[in-house]
Amino acid sequence: MTSKDTETTRREAVNGAADEASRSNFIRDIIDEHNRTGRFGGRVHTRFPPEPNGYLHIGHAKAILLNMSIAEAYGGKMNLRFDDTNPVKEEQEYVDGIIHDMRWLGADWEDRLFFASDYFDQLYAWAVQLIKDGKAYVDHLSGDEIREYRGTLTEPGKDSPYRNRSVEENLKLFEQMRNGEFKEGECVLRAKIDMASPNLNLRDPVMYRIRFATHHRTGDKWCIYPMYDWAHGQSDSIEGITHSLCSLEYEDHRPLYDWYLDQLGIYHPQQIEFARLNLNHTVMSKRKLIKLVQEGHVRGWDDPRMPTITGMRRRGYTPEAIRLFCDMIGVAKSNSTVDIAMLEYCVRQDLNKRAPRRMGVLRPLKVVLTNYPEGQTEQLNAINNPEDPDAGTRTVPFSRTLYIEQDDFMENPAPKYYRLAPGREVRLRYGYFIKCEDVVKDAQGNIVELRCTYDPATRGGEAPDGRKVKATIHWVSAGHAKAAEVRLYDHLFSVPNPGEDEGVDFIEQLNPNSMQIITNAFVEPSLAEVKPGERFQFERVGYFCVDPDTTPEKRVFNRTVGLKDEWAKIQKQQGA
């Protein structure tokens, strides 16, 4: 499949998210009512507005797919707009990473890539308009004083002593702010709304603050930068957005969104809030993710244990699996936490259909077939993917000396253990029946080798005399296998809801066994020349993805997800 074909497949899969939007949900109900009344002339135009101060995570993927699916369902459009209003935290690296992640997901904004910084001149002009209308003022209270004057949920705020400055004075001070004549934190521009409002967001919110920092796009042109609430609605208005979909924490900000637009008398989109995605055994807070990266608790934003899209891609997740997951969880009005087992189920469902099967032995135990001719090698036929008949077959070499998994042998087998044991016969996948005749140990008593015999009449896995075996195990030929490093990943945190226990730092709840590195694994020779990003199922082990650390001399595989279906187990328990 060419890269163009792959991109087309991804886009078609993401466009298929319109199936989710076609089902009734409260967002669609609102849009249907707008279309009935003609509020936006039948248009549907959404946007995804990330801040370029970190990489996207699975929660952002939900928002991206929701915005795109809604636009797709109504024959509309979606914009990508970076909310680059804080140069202190923003970097071009994040801009590039976000664009890459969104394209990988299949998102298509065509030529509609915008930045809030594109509108800095217009936002400044609108701020001047509010000052002239007596609806904004320059305040010299400190940040702590502003918080103190704001009041609480049960007590009204107090007017700033600078609240009633004249329009002329405010215009002059605001221009001085822009010209860099004040220090950072010395003053801000605030909207003049209502210090007694029950909604704290309407108690004279800050519109501009001073930041002497170089912006990744505008350089040093500006030293005052708009707050998100000031830039958000006006940017939507400039771009002709119809439905501004936000996560639920912005519900209390909607009255401010509306106030700014109404006071300016400009085109007015509709903000709609939906529940954000929360997963157990991980964190979604960008502040916490940044801490994990900066303090070295993970190997970077693309660490396969991270909930970031770049981390999930490196782990082996597919865009189609993420879309399936977002379809399953749907759109809600109230926040909840989704079991990460559901995400793993979606990944497993997708990879089961597309991942070629291969054999890999993670913890090898040497097996010598004493009655197999020395120096002989034969090729056995193996199925590439039983879920895809078009995938065909391959050959795997078979020889006198093999490797099997250590767990597939037990010297003193427990009840219901049916794999290899002294005197017991098992089937080798695609191969023969073998029987353990002798166990070889080292001076410390560790098992280092099994001496077995094979039945040449059982090639292909069936005995002519009709005898049965209770277990089939995988293997590789020792003389042909390729060495590999395998990285086994588990939940990043050992508790379901990290950071929620009072007095406990979420860092203390990291899972010390979230990554295990196996350096002496062996894989079948068909995996000799793999490329980063390729995905496989190691039979009986799990799904794996080739890591970017792979070189011609060293193959590195990340375990994407195991074969065991924890979500099905959870569903069964809930049903019971």
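Predicted model: local features only at pLDDT ≥ 70, side-chain atom pairs only at ≥ 80, totals over all residues.
Which residue is the bridge partner of V188 in β6? That partner is R209. Residues are numbered from 1 along each chain as its sequence is written, and side-chain values use heavy atoms, with hydrogens and water left out.

The protein contains 15 helices and 27 strands; both are DSSP runs numbered from the N terminus, helices being H or I over at least four residues and strands being E over at least two. Its C-alpha atoms fill a box of roughly 100 × 55 × 50 Å along the principal axes. Of the 576 residues, 53% are buried, where buried means under 20% relative accessible area, exposed means over 50% and partly exposed lies in between (1.4 Å probe, protein chains only). Contact is defined as heavy atoms within 4.5 Å. Among contacts between residues at least 6 apart in sequence, 71% join residues at least 24 apart. The accessible surface comes to about 25600 Å², and 45% of this belongs to carbon and sulfur atoms; areas come from the Shrake-Rupley method with a 1.4 Å probe, and for residues only the protein chains shown count as cover.

Strand β6 (residues 206-210) has five of its five residues buried, so it is largely enclosed by the rest of the structure. Strand β5 (residues 188-191) pairs with β6 in the antiparallel sense over three bridges; two strands pair if DSSP finds at least two bridges between them. Strand β7 (residues 224-226) is also joined to β6 by three bridges, again antiparallel, and here Y208 stands opposite P226.

An open sheet is formed by three strands in the order β1-β2-β3, with parallel pairing. Strands β1 (45-48) and β3 (113-115) stand at the edges with a single partner strand each, so one side of each has no neighbour in the sheet. The twist averages 35° from one strand to the next. Strand β2 (residues 77-82) is joined to β3 by three bridges, and the bridge partner of L80 in β3 is L113. Helix α4 (residues 58-73) lies across β1 and β2 and runs at about 165° to β1. Helix α5 (residues 92-105) lies across β1, β2 and β3 and runs at about 160° to β2. For these angles, axes are lines fitted to C-alpha atoms, for helices over the stretch in contact, and values run from 0 to 180 degrees between N-to-C directions.

A further open sheet has seven strands in the order β12-β25-β26-β27-β23-β24-β13, with mixed pairing. At its edges stand β12 (357-358) and β13 (360-361); each has a single partner strand, so one side of each is left without a neighbour in the sheet. Seven bridges link strand β23 (residues 482-489) to strand β24 (residues 515-523) in the antiparallel sense, and A484 has A521 as its bridge partner in β24. Helix α14 (residues 340-354) packs on the sheet and touches β12, β25 (535-538), β26 (542-546) and β27 (555-562), its direction making about 115° with that of β27.

Residue R165 is found in the loop between α7 (143-150) and α8 (167-178). R165 is buried, with a relative accessible area of 16%. Apart from neighbours within four places in sequence, the residues in contact with R165 are V138, D139, H140, N170 and L173.
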